[in-house]
Amino acid sequence: MRMTVFGTGYLGATHAACMAELGHDVLGVDVDEAKIKSLTEGKVPFFEPGLPELLQRNLDSGRLGFTTDYEEAAQFANVHFIGVGTPQKKGSYAADTTYVRAVVESLAPLIEGEHLVLGKSTVPVGTAAQLQALADENTNDGASIEVAWNPEFLREGHAVKDTLRPDRIVLGLHEGGNAEALAREVYADALQQDTPFLVVDLPTAELVKVSANAFLATKISFINAVSEVCETVGADVTALADAIGLDERIGRKFLGAGLGFGGGCLPKDIRAFMARAGELGADQAMSFLREVDAINMRRREKMVELARQELGGSLLGRNVTVLGAAFKPNSDDVRDSPALNVAGSLSLSGAAVTVFDPEAMANAQRLFPTLNYAESIEEALRGAEIVLVATEWKEFQELDPEWARTLVAGEPVHGKPIVIDGRNCLNTEAWKSAGWEFRALGRG
Ligand code: UDX
């Protein structure tokens, strides 16, 4: 099939390359000339394992191309995906749907014949219906656009696998159109592998996505709230999570207690869900998400407080090393990153903060230029009075505590060097027996 993908960020670029990998002819479209240039040259402008190889392979095969030209896109195909961003509006919790609207508004007058728009971006419920009206207003005689919604559930760091082998495909549509038949053709490969395919109405499809993210955020904040209680009584939240997670109704996934969630999706999506529920007069229904958000933000403060306490009450002038800047491992994304937020707060409290991250250094530096950035773990650890592990990169989990001990400043308060495990990802016993004062969030 021929198709276009509007928006070439994490979602759009991955989707375009994966659709080409499945054998479709794909044109990626973006208004950002630099992004299009980079993708055309086979360079992925962000870190995503497996994507550079996939991009190059499909550029070489001729099945994948990129353009900034909407006219070309309108002529290239009759199926168009939208994967542009819906960031949080400035000064409000609501999602900004400007970019999604702009795609439909610009494309509609350029098309001839019947076209299908499949929205993938996360949008407030009701957006698809508004876009349908916008498309109807802007198409010429003899042309039409059907708007359907096909939410995307990909996780950064696993984006290629999640797109090629999704755990479900959801399609929201209004009756009487071609969306289902065309979507079945697009996803023929996954459907052959018995991937569940759920056809629902437009508002349900829009709500599926925000509900999934709200549930994940709630699960993380649940365990982090329990972790606050564990801290007061000296209980161990990770052992507790293992125990409750064995109940298959609960499950262990997303019960990783620690610094909490960040990134480009969960924080903004729960806020947009609250804002939309409020607009619809159902604000009470989602008000618990305010607490989910608050619990999540408190974890970052707790980490800073713990560092202050461990250093004897003041951070002023102390050498603090933060391992991690990305919001999670296998990503260079620092949007609303708990790790970078903690590093920034420590610095604003007077600490001399050194940060190291395997992939997110450039993005972190752009966002927080005043921190000190080390070129290696070794350089980051050298002279540190306290070490905070804020993103659970494999490199940090596999760090040899004996070797690390030889690099740090030594014995600032306890007669031992101090490490705080903000992601409950280190081998506690190994660090303790190597002579470290070991602290972790949620473990007394
Ligand atoms: C999320 C959703 O998982 C995905 O389905 C959706 O399409 C986009 O948003 P992503 O933002 O890539 O994906 O990250 P995810 O793996 O969900 O992690 C989100 C945050 O939660 C990270 O900061 C992670 O560190 C944190 N997290 C995750 C925890 O704190 N504990 C956990 O147990 C799991």
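**Terms and the values behind them**

Mentor: Let us begin with Tyr70, which counts as buried at 15% relative accessibility. The model is predicted, so local features need pLDDT of at least 70, side-chain atom pairs count only at pLDDT 80 or more, and totals for chains, interfaces and linings use all residues. Residues are numbered from 1 along each chain as its sequence is written, and side-chain values use heavy atoms, with hydrogens and water left out.

Trainee: Why is Tyr70 called buried?

Mentor: Buried means under 20% relative accessible area, exposed means over 50%, and partly exposed lies in between, with a 1.4 Å probe and protein chains only. Tyr70 has 15%, and therefore counts as buried. Phe6, at 0%, is buried by that rule as well.

Trainee: What makes the rings of Phe6 and Tyr70 a pair, and of which kind?

Mentor: Rings of Phe, Tyr and Trp (its six-membered ring) pair if their centres lie within 6.5 Å; planes under 30 degrees apart are stacked, over 60 edge-to-face, and the rest tilted. A search of the whole structure finds 5 aromatic pairs. In one of them, the centres of Phe6 and Tyr70 are 5.0 Å apart and the planes stand at 65 degrees, so the pair is edge-to-face. Phe6 belongs to strand β1 (residues 2-6) and Tyr70 to helix α4 (residues 70-76), so that the pair links parts of the chain 64 residues apart. Helices (H or I, at least four residues) and strands (E, at least two) are DSSP runs, numbered from the N terminus.

Trainee: What is the kind of the pair formed by Trp431 and Trp436?

Mentor: The ring centres of Trp431 and Trp436 are 4.9 Å apart and their planes are at 65 degrees, so this pair is edge-to-face. Trp431 is buried at 2%, and Trp436 is buried at 2%.

Trainee: How do you know how many disulfides there are?

Mentor: A disulfide is a pair of cysteine sulfur atoms within 2.5 Å, and by this rule the count is 0. The sulfur of Cys18 has its closest cysteine sulfur in Cys265, 16 Å away, which is too far for a bond. For Cys230, the closest is in Cys425 at 18 Å, again too far for a bond. Cys18 is buried at 0%, and Cys230 is buried at 4%.

Trainee: Where does Thr428 lie, and with which side chain does its own side chain make a polar contact?

Mentor: Thr428 lies in helix α19 (residues 428-433), and its side chain contacts that of Arg443 at 3.0 Å. At 16% relative accessible area, Thr428 is buried.

How values were computed. A polar contact is a pair of N or O atoms within 3.5 Å; within protein, one must be able to donate a hydrogen and the other to accept it, and residues adjacent in sequence count only if both atoms are side-chain atoms.
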